[in-house]
Amino acid sequence: MTEVQGGVRCVALVGPYLSGKTTLMESMLHVAGAVHRKGSVTEGTTVGNFSVEARARQMGVEMTAAHANYLGDEWRFLDCPGSVEFAQDSLNALACADAAVVVCEPEPDRAVTLAPVLKHLEDAGIPHILFINKMEEVTLPVADIIAGLQQVSNLPLVLRQVPIREGEGVTGYVDLASERAYHYNTDAVSDVVPVPDDMAAPTAEARNEMLESLADFNDDLLERLLEEDIPDTSDIYANLAQDLQGNLIVPVVLGAALHDNGVKRLLKLLRHEVPPVAKTLERKGLPAEGETVAQVFKTAHVPHAGKLSIARIWRGSVKDGETLNGERVSGLFQVQGEEREKIGSAEAGEVVGFGRMEDVRTGDVLTPSGNAPEIDGWPEPLQPVYGFAVGTENKADEVKLSGALAKLTEEDPSLVITHNADTNQMLLEGQGEMHLLVAFDRLESKFNLKATKVRPDVPYKETIRKSTSVQGRFKRQTGGHGQFGDVHVDIRPQPRGGGFEFEDKIFGGHIPKQYIPAVETGVKEYLVRGPLGFPVVDFAVTLTDGSYHAVDSSEQAFKQAARIAMTEGMPKCDPVLLEPIYEVKIDVPSEFTSKVHSLVSGRRGQLLGFDTLEGWRGWDQVVAHMPQAEIGDLIIELRSLTLGVGNFHATFDHMNELSGPDADKIVRARQGEAAAAQ
Ligand SMILES: Nc1nc2c(ncn2[C@@H]2O[C@H](COP(=O)(O)OP(=O)(O)O)[C@@H](O)[C@H]2O)c(=O)[nH]1
Ligand SMILES: [Mg+2]
């Protein structure tokens, strides 16, 4: 047996949604004796899915932490949401874990749903184990399942068990390292049984395959295998642990979390093979020596208890009341799902909650001195792919809304609030519709706020296609002295992106110099809303002539004259709508590339090309120009076409003329809004 690793270790449970992560955490806690009554996802009684939002949907919508002691070792488990919409929490949790258990279903056809998480684990160098769940009713040969899953893993999958089948289902397994057979018991640990006769040959074959995989990374082992000098079990375990910790292989175990099947074996594997925190520090480039370091990977605002910063202690220890980054830790907690238990101090490796550290944000590295050392591997915030314009029914609630949204974005860095100056809307953007709907639920449940939401407006603009010359004359006689301004202007289009230009070509003092800026101001005030109702861009105005009155002329009068000229001249310049066009890069497994081509053309997109996606085996990147109006809900269709794994990035590219019935509809709607507002 390998030496059992010291210290508190932390494992994140990740994988596609509905694969059984929450159920597996519940089962691990149960098998380890950390919960007395095993909860169920469908009954809403698990440690993991504790929030009202998670229970309502029977799915994890955020990372939840738990702890257990198994055979004297301390464990921290992080149940991560599987849905791509809540991926930020999972990435943040993985940044603070020693290893990950990737939970998946025994469905090779859906293996592609594992690709993003496996790629992230590989790139970040996080040791990971694959737990194939829901094995109880699988009839497919395990070799076929592994072959399918291997397609999406760049590291070799090393099968550690072969299933024993009776009738329709799997009733146990032979562990390939120990060559022991186990019979599953529902909701109880498995019995050791003799290896069934008909399993001897498949076991020997699978064991050989496992050893050959290990030999790929160990010449010594390779030589011994060639000489048929089979290494002893402790040697095999040592190789397995080393290769997992070195990110050379992905061990694969089987089970059914719902029935506790294979869970004890998984816990033992973790016990012997997951690296200690000291080893994780090496991976993350943090020296083992030095002052205490903790890193916050989750922030939650708990009703009545205030802000809770969930952190991993990387080095040293933390006491309640201690100062970190200049702020007092006001309450130190051990967390078990929803429950918080106050503790006095915590050691390296532990996952704890720090109470009421108001200035601390998710991702912050905390030390007593406040000097944060570099720690590798903190993920970038995900770029938003979907948004709503938010507001309140009641104007008085607006300030409250901004405050609440600020707290939500603190809890979840993949939620972004922006103000769009063009459309004058407050936007809440994130990873998908469900992500945002959960945020709206939280506004209600945590902040007692009913927010309104509508699809964001597209910031259309308009421009002109013809030139004209026009006079604007403002004359008013009201009692005493009157108002007089008179301008002649040429209006002409500029090339796309040419912006606005104002030129003064007045000669001979027909308009005194001091009034010229007022003319420009008048023009600019007009261009906020052109003849079609949108801001005007890409045109030039030249002041060519005019006249003034020694007494009645004023800046105000010339501003008015300029507005009159614009209001009269612009409709004659063949105005046209401009719509924003984005360059969109769509990443998908190549089996979906042709579907993406039709998606692009179905949304008025212009295909610019496609290529293999760099660094992704079997993925393509499709590049296209697409109107912003068609990108608003693109992610929904893209995900439904690609088993949820397709993603895109869009950057503004240019404004494009839009005419015809589509444009007419937009202009009519705009004019309708204006009429309604009056
Ligand atoms: N048949 C079967 N169902 C399971 C098993 N483990 C979990 N489930 C079910 O799969 C669904 C999703 O489980 P859950 O733990 O919420 O998945 P998560 O989204 O990965 O956390 C639930 O209905 C579970 O009851 C299993 O081993 N066998
Ligand atoms: Mg879950």
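Ala, Val, Leu, Ile, Met, Phe, Trp, Tyr, Cys and Pro are counted here as nonpolar, Asp, Glu, Lys and Arg as charged, and the others, Gly among them, as polar. On this scheme, the shell around ligand 1 comprises 8 nonpolar, 8 polar and 3 charged residues. Of the 19 residues around the ligand, Gly 20, Thr 22, Thr 23, Ala 256 and Leu 258 come nearest; a residue is near a molecule if its C-beta atom, placed from the backbone, lies within 6 Å of it. Helix H1 (residues 21-31) gives the most to this shell, with 3 residues.

The model is predicted: local features need pLDDT of at least 70 and side-chain atom pairs count only at pLDDT 80 or more, while totals for chains, interfaces and linings use all residues. Residues are numbered from 1 along each chain as its sequence is written, and chains are lettered from A and ligands numbered from 1 in the order in which they are written.

The chain has 18 helices and 34 strands, where helices (H or I, at least four residues) and strands (E, at least two) are DSSP runs numbered from the N terminus. Its C-alpha trace spans about 110 × 55 × 45 Å along the principal axes. An automatic or database domain assignment divides the chain into domain 1 (9-282), domain 2 (292-366), domain 3 (386-454), domain 4 (462-573) and domain 5 (580-662). The centres of domain 4 and domain 5, taken over C-alpha atoms, are separated by 42 Å.

Of the 678 residues in the chain, 44% are buried. A residue is buried if 20 or more other C-beta atoms lie within 10 Å of its own, exposed if 12 or fewer, and partly exposed in between, with C-beta atoms placed from the backbone. Two residues are in contact if their C-beta atoms, likewise placed, lie within 7 Å. Among contacts between residues at least 6 apart in sequence, 73% join residues at least 24 apart.

Helix H3 (residues 87-94) is mostly covered, with 8 of its 8 residues buried. These residues pack against strand E1 (9-14), strand E3 (73-79), strand E4 (99-104), helix H4 (115-124) and strand E12 (293-302). Helix H8 (residues 233-245) has 13 residues and reaches 18 Å from its first C-alpha to its last, close to the 18 Å expected at 1.5 Å a residue; the expected span is 1.5 Å times one less than the number of residues. Its buried residues are Ile 236, Asn 239, Leu 240, Ala 241, Asp 243 and Leu 244. Their cover includes strand E5 (128-132), helix H6 (200-215), helix H7 (219-226), strand E11 (250-254) and helix H9 (263-273). H8 is followed by Asn 247, whose phi is positive, near 60 degrees.

Strand E22 (residues 386-392) pairs in the antiparallel sense with strand E24 (residues 425-430) over 5 bridges; two strands pair if DSSP finds at least two bridges between them. Phe 388 has Leu 428 in E24 as its bridge partner. E22 also pairs in the antiparallel sense with strand E25 (residues 451-454), over 4 bridges, and Thr 392 stands opposite Ala 451 in E25.

Glu 380 lies in the loop between strand E21 (365-366) and E22, and counts as exposed because it has 8 C-beta neighbours inside 10 Å. Ile 586, in strand E31 (residues 575-589), counts as buried because it has 27 C-beta neighbours inside 10 Å. Leaving aside neighbours within four places in sequence, Ile 586 is in contact with Val 596, Gln 621, Val 622, Leu 638, Gly 646 and Phe 648.
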